[in-house]
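Please brief me on this model, with attention to its confidence, its nonpolar cores, its aromatic pairs and one of its strands. Keep the cut-offs beside the terms.

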Amino acid sequence: MKLAIDEALNAWTGTLEKVFPTRATEDKEEVKTDLYHADSVYVCKHKVARPTVFIPVFPGTNCEYDSALAFERAGGEADIVIIRNRTVAELEESIQEMKRKLDEAQIVFFPGGFSAGDEPDGSGKFMATLFRNPYLSESLHNLLHNRDGLALGICNGFQALIKLGLLPYGEIAPMTADSPTLTYNTIGRHLSGMVRTKVISTKSPWMSLCKAGEIYTIPISHGEGRFIASPAQVVEFNRKGQIATQYVDLDGIASYDARYNPNQSVAAIEGLFSPDGRVFGKM
């Protein structure tokens with residue numbers, strides 16, 4: 001059995017390496033970031049016993065049910081809304097329903113998947129475009145800034161938060177040529193596997209039960225998970241405690257080694273906070 005496994009592995013990493021590469025680079029550049037120990041964390045002034053979590057489900061979303069279950073286990077009440085876009089009338093009705101749900105919720109969660117097949121031209125664009133609708137953007141702003149709400153995005157949802165500007169800025173903002181973004185994995189294809197991520201900052205209500213330096217092993221499955229930003233932006237994120245999590249090696253050290261940072265994210269960044277920590281996205 002072991003011999004057969006070794007032969008299969010050698011065929012994959014040897015004979016087929018040029019066709020289906022397992023590593024994009026052998027770059028071992030050092031990642032220089034520090035743990036951020038928050039002195040204080042944003043606390044909601046508008047208390048509710050059981051917060052409502054609005055979960056918009058787009059064509060291509062694939063993890064709304066397990067996400068809803070996780071929120072309900074944590075004490076929230078999940079409110080799943082399916083976005084219908086077969087006709088203009090259906091889309092208009094969906095936007096109106098989403099606005100009502102946003103106005104009632106305390107949390108908005110952008111789930112994972114492949115919204116609209118990751119088109120047009122990249123992941124999360126459909127979600128981001130829809131939430132730039134004036135009705136929805138106003139309600140989202142009110143949720144976050146007038147009602148002390150929270151936002152979370154995982155995988156495709158992280159991509160949407162980045163495309164909206166909610167990360168890293170905390171506000172819906174236009175994307176510019178130098179905006180941080182999530183783009184195609186350097187390897188040039190979809191990746192699926194397990195990675196180790198280390199908590200770098202606890203400057204967020206989302207990290208209230210975590211400690212800086214803790215390491216978690218988590219699954220990944222994405223084709224556009226590579227976070228890119230300028231060196232100056234990375235330094236600023238680290239200074240402000242916005243780098244939530246990083247890909248790390250077996251010694252807990254952030255790395256560009258493709259075995260541990262498979263999509264080659266800059267500074268090994270896997271998760272990011274908004275400046276006040278209320279918006280959280282992770283791959």
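The points below cover confidence, cores, ring pairs and strand pairing.

This is a predicted model, in which local features need pLDDT of at least 70 and side-chain atom pairs count only at pLDDT 80 or more, while totals for chains, interfaces and linings use all residues. Residues are numbered from 1 along each chain as its sequence is written, and side-chain values use heavy atoms, with hydrogens and water left out.

**Confidence**

- The chain has a mean pLDDT (the predictor's confidence in each residue, from 0 to 100) of 84, and 89% of its residues reach 70 or more.
- Confidence is lowest in helix 1 (residues 2-15), with a mean of 71, and highest in strand 9 (residues 243-247), with 95.
- Helices (H or I, at least four residues) and strands (E, at least two) are DSSP runs, numbered from the N terminus.

**Nonpolar cores**

- A nonpolar core is a set of buried Ala, Val, Leu, Ile, Met, Phe, Trp, Tyr and Cys residues joined through side-chain atoms within 4.5 Å.
- Buried means under 20% relative accessible area, exposed over 50%, and partly exposed in between (1.4 Å probe, protein chains only).
- The largest nonpolar core holds 50 residues, and Phe131 and Phe227 touch the most other members.
- Apart from this core lies another, of 14 residues, including Ala68, Ile107, Phe109 and Leu152.
- Beyond its neighbours within four places in sequence, Phe227 has contacts (heavy atoms within 4.5 Å) that include Ile162, Phe237, Val266 and Leu272.

**Aromatic pairs**

- The whole structure contains 5 aromatic pairs.
- Rings of Phe, Tyr and Trp (its six-membered ring) pair if their centres lie within 6.5 Å; planes under 30 degrees apart count as stacked, over 60 as edge-to-face and the rest as tilted.
- Phe58 and Phe131 form a tilted pair, 6.5 Å centre to centre with 55° between the planes.
- This pair links positions 73 residues apart: Phe58 in the loop between strand 1 (52-57) and helix 2 (64-73), and Phe131 in helix 4 (residues 125-131).
- Phe58 counts as buried because its relative accessibility is 3%, and Phe131 is buried at 0%.
- The rings of Phe110 and Phe131 have centres 5.0 Å apart and planes at 65°, so this pair is edge-to-face.
- Phe110 lies in strand 3 (residues 107-110), 21 residues from Phe131.
- Ring pairs join Phe58, Phe110 and Phe131 into a cluster.

**Strand 9**

- Strand 9 is mostly covered, with 5 of its 5 residues buried.
- Two strands pair if DSSP finds at least two bridges between them.
- Strand 6 (residues 191-199) runs antiparallel to strand 9, joined by 3 bridges; Lys198 has Gln246 of strand 9 as its bridge partner.
- Strand 10 (residues 269-273) also pairs with strand 9 in the antiparallel sense, over 3 bridges; the bridge partner of Thr245 in strand 10 is Gly271.
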